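Please look over the sequence and the model shown here before reading on. The paragraphs below are meant to be read alongside them.

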There are 2 protein chains.
Amino acid sequence: MAYRQGLDAETVLQAAIEMADLQGVEQLTLAALAAKLNVKTPSLYNHIKGFPDLRKQLSRRGLVLIKEAMVEAVIGKAEDDALLAAGFAYVMFARKQPGLYEAISSLPDYEDPELKEAGSQVVLFLLRILEPYGLSEEDALHVVRGFRSMVHGFASLEHRNGFRMELEKDESLRRLLQTYLRGLRIAVK
Amino acid sequence: MAYRQGLDAETVLQAAIEMADLQGVEQLTLAALAAKLNVKTPSLYNHIKGFPDLRKQLSRRGLVLIKEAMVEAVIGKAEDDALLAAGFAYVMFARKQPGLYEAISSLPDYEDPELKEAGSQVVLFLLRILEPYGLSEEDALHVVRGFRSMVHGFASLEHRNGFRMELEKDESLRRLLQTYLRGLRIAVK
DNA sequence: TTTACAAAACTAATATCATTAGTTATTATA
DNA sequence: TATAATAACTAATGATATTAGTTTTGTAAA
């Protein structure tokens, strides 16, 4: 009805994030998104390149935010404390923004330069936390892979209700990370 | 053209698996599947309930097969050796049948009874391997969650090219599992 | 052997998507 | 004030899954 709704790219992205978080990234369609924004579907094309592009933007935003959450969480912490905090921050993010997290983990094409860059930031952050451990570069990279596998696997399984037993989930995560870190200490020292 | 193509539910499922493994589960559509089977799309409905049902069947078959792969891998092995072998079998399965693995990890609804059952079989299998460790039931369940997180996370990241550094992937997986198992030994003994 | 029925394929139609082309109204700028 | 850029629109297209109804085929009963 009203021309000039006042939309811009960021507003569209925010609405998409909200919709993904609330109803799952599968339910995110341009049709539903346009309706939410009181606009006809084709109007969205003034602000996004298309559906795949929107999905990519979600992934990128998710990667940036999850890294920021980890950075915030490790303030004033080092070594095992920092890794534990970073791991919990990662999983908490997935809980709080499930749609955005789904967007990260169901990536369109990871070859995209912007996504590559955002992913690298996560890796570089973890490498910095590992510095005090005095690992070789190769060793540190293996640890980063291990850490990412643990937290992503945990968040992913939790998100799809993969943990159905009556058992405290935070405790499972704490034990997973601490058991790994304990093993790491022995390997090192 | 020819009536009576000789299709049945299993043939349709196999073709779907093949298509998912070859081109990714995103590319799996009823239209493409019907074309591959030399049949019109609506004909598929004689053998499947619909698209969501087909996806569910893929997930279930994947869960069954990945559990069988782990069972086969641990023959003649126990404790750490068995867990390591099971973990590698899990990841190898994801590499060999990427579409089927995607189907497992992008599950539609995990609340479905058949999927629940298939998932439980995986958990029960892991619990049996953990028996010799003499853990309490609660401890064992935490370990199962940890193990599943590690291998699923690793397979998932690897599948989407999440590991971009020049670094042997099998070695990363071996270190991840062994580091965790080492930590577990200390916690226990 | 013939007939009847169930099942597997079909055609046709609908609804929901994303996307593109072309149009109109609004805002900003020259 | 006039012009240009832009954000909305309508209309149309092609792909998708799904349903309804039809035709053909295979099988089992009479």
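This is a predicted model: local features need pLDDT of at least 70, side-chain atom pairs count only at pLDDT 80 or more; totals for chains, interfaces and linings use all residues.

Residues are numbered from 1 along each chain as its sequence is written, chains are lettered from A and ligands numbered from 1 in the order in which they are written, and side-chain values use heavy atoms, with hydrogens and water left out.

Chain A has eight helices and zero strands, where helices (H or I, at least four residues) and strands (E, at least two) are DSSP runs numbered from the N terminus. Along its principal axes, the C-alpha trace of chain A spans about 70 × 40 × 30 Å. Of the 189 residues in chain A, 51% count as buried, a term that means under 20% relative accessible area, whereas exposed means over 50% and partly exposed lies in between, with a 1.4 Å probe and protein chains only. Contact means heavy atoms within 4.5 Å, and among contacts in chain A between residues at least 6 apart in sequence, 69% join residues at least 24 apart.

The largest nonpolar core has 128 residues, and those with the most contacts inside it are A:L44, A:L58, B:L44 and B:L58. Such a core is a set of buried Ala, Val, Leu, Ile, Met, Phe, Trp, Tyr and Cys residues joined through side-chain atoms within 4.5 Å. Leaving aside neighbours within four places in sequence, A:L58 is in contact with A:L13, A:A16, A:I17, A:V25, A:L28, A:L100 and A:A103.

The next topic is the aromatic rings. Over all chains, the structure holds four aromatic pairs; rings of Phe, Tyr and Trp (its six-membered ring) pair if their centres lie within 6.5 Å, and planes under 30 degrees apart count as stacked, over 60 as edge-to-face and the rest as tilted. The pair of A:F154 and A:F163 is tilted, because the ring centres are 5.1 Å apart and the planes stand at 50°. A:F154 counts as buried, at 0% relative accessibility, and A:F163 is buried with a relative accessible area of 6%. In chain B, the rings of B:Y90 and B:Y101 form an edge-to-face pair, 5.7 Å centre to centre and with 85° between the planes. This pair links distant parts of the chain, since B:Y90 belongs to helix α4 (residues 79–96) and B:Y101 to helix α5 (residues 98–105) of chain B, eleven residues apart. B:Y90 is buried, with a relative accessible area of 12%, and B:Y101 counts as buried at 2% relative accessibility.

Helix α8 (residues 169–188) of chain B contains B:T179, which counts as buried at 6% relative accessibility. A polar atom of the B:T179 side chain lies 2.6 Å from the backbone oxygen of B:R175. Not counting residues up to four places away in sequence, B:T179 touches A:T179, A:Y180, A:G183 and A:L184.

Which residues are the closest to DNA strand D? Of the 23 residues that surround DNA strand D, the closest are A:R4, A:S43, A:H47, B:L30 and B:Y45, where a residue is near a molecule or strand if one of its heavy atoms lies within 4 Å of it. Sugar and phosphate account for 68% of the atoms of DNA strand D that come within 4 Å of the protein. The elements giving two or more residues to the surface near DNA strand D are α2 (30–36) and α3 (51–73) of chain B.

DNA strand C is also surrounded by 23 residues, the closest being A:L30, A:Y45, B:R4, B:S43 and B:H47. Sugar and phosphate make up 67% of the atoms of DNA strand C that come within 4 Å of the protein. Near DNA strand C, the elements that give two or more residues to the surface are α2 (30–36) and α3 (51–73) of chain A.

Conventions:
A polar contact is a pair of N or O atoms within 3.5 Å; within protein, one must be able to donate a hydrogen and the other to accept it, and residues adjacent in sequence count only if both atoms are side-chain atoms.
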